[in-house]
Every structure is written in structure tokens, then in C-alpha cells.
Amino acid sequence: MFKNVLSRLLTETFFVERNVRHTPLLRGVAAVCAPVRSFTDVKDEAQPPFDAALLEVLVCPLSKKPLRYEPKTNELINEELGIAYPIIDGIPNMIPQEARLIRKDASDTPAQ
């Protein structure tokens, strides 16, 4: 059965390709092309939401401590080290080299 389906598929494919040039109706259909979306077409699309259930599983790769989600900046924050991991298209980027250092509050620094 598979052999029959495969041979029929191949012969019909070659038959259509040979006769496309001679049929004006099929030539018009073959000329239709779908628009291709490029990266420049993307403008202010909403980011996919971050799944907060991942916070139960994800930890900082450096300190192995739990992370806090900051929806305003769309980042995972490690309070202990003061770094923020970006979330890109709903996927946390947990590469330490790409994490952003966050500034500590003035209340955290000791007064002199």
C-alpha cells in the first residue's frame, strides 16, 4: 500500500509540474505569493506572559537562591547578588554574562 501511495504521489507531482506551464489558470495560481514577515514589521508587540509557576523551579545559576519576578521590567531578580536576568519572549535568559547589575538602594549601604 505504501509503495502505491508513494508512486502515485511521485507521478502526480511530475504530471502537475510538466503541465503548469501550459495551463494559464494554474500559472496564475502558482504566481500568488504570501507576504513574508520580517523583523522590521514587528512593532510594539506584547511580550508573552511569564509563567510564574517557573519560579518554583528556577534558581539563580550563580548563588542557587530563589529568584523574584519583576513584572515592570520583565526580569528575574536575585536580591542577594543584585543581578537581574532578562525574560525574552517569555523565556528567562539565565546566562550570567547577560544578566544586568542592579543598583542597591541607599538604605542597604551603611551610614558613616
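This is a short chat about a predicted protein model.

Student: What should I know about the model before I start?
Tutor: The model is predicted, so local features need pLDDT of at least 70, side-chain atom pairs count only at pLDDT 80 or more, and totals for chains, interfaces and linings use all residues. Residues are numbered from 1 along each chain as its sequence is written, and side-chain values use heavy atoms, with hydrogens and water left out.

Student: How many helices and strands are in the protein?
Tutor: Two helices and five strands. Helices (H or I, at least four residues) and strands (E, at least two) are DSSP runs, numbered from the N terminus.

Student: In what order do the elements run?
Tutor: From the N terminus, α-α-β-β-β-β-β.

Student: What share of the residues is buried?
Tutor: Buried residues are 17% of the 112. Buried means under 20% relative accessible area, exposed over 50%, and partly exposed in between (1.4 Å probe, protein chains only).

Student: New topic. Where is Asn74?
Tutor: Asn74 sits in the loop between strand 1 (68-70) and strand 2 (75-78).

Student: Buried or exposed? Why does Asn74 count that way?
Tutor: Asn74 counts as buried because its relative accessibility is 16%.

Student: Which side chain does the side chain of Asn74 join in a polar contact?
Tutor: That of Tyr69, at 3.1 Å. A polar contact is a pair of N or O atoms within 3.5 Å; within protein, one must be able to donate a hydrogen and the other to accept it, and residues adjacent in sequence count only if both atoms are side-chain atoms. A polar atom of the Asn74 side chain also lies 3.2 Å from the backbone oxygen of Ile87.

Student: What is the phi of Asn74?
Tutor: About 55 degrees, which is positive, although Asn74 is not a glycine. Asp89 is not a glycine either, and its phi is near 55 degrees.

Student: Where does Asp89 lie?
Tutor: In the loop between strand 3 (83-88) and strand 4 (91-92). Asp89 counts as exposed because its relative accessibility is 51%.

Student: Now Glu75. Which strand is that in?
Tutor: Strand 2. Glu75 counts as buried, because its relative accessibility is 9%.

Student: What polar contact joins the side chains of Glu75 and Arg100?
Tutor: One of 2.6 Å. The Glu75 side chain also makes a polar contact with the side chain of Thr73, at 3.2 Å.

Student: Which residues is Glu75 in contact with, leaving aside neighbours within four places in sequence?
Tutor: Among them are Arg68, Tyr69, Tyr85, Ile87 and Arg100. Contact means heavy atoms within 4.5 Å.
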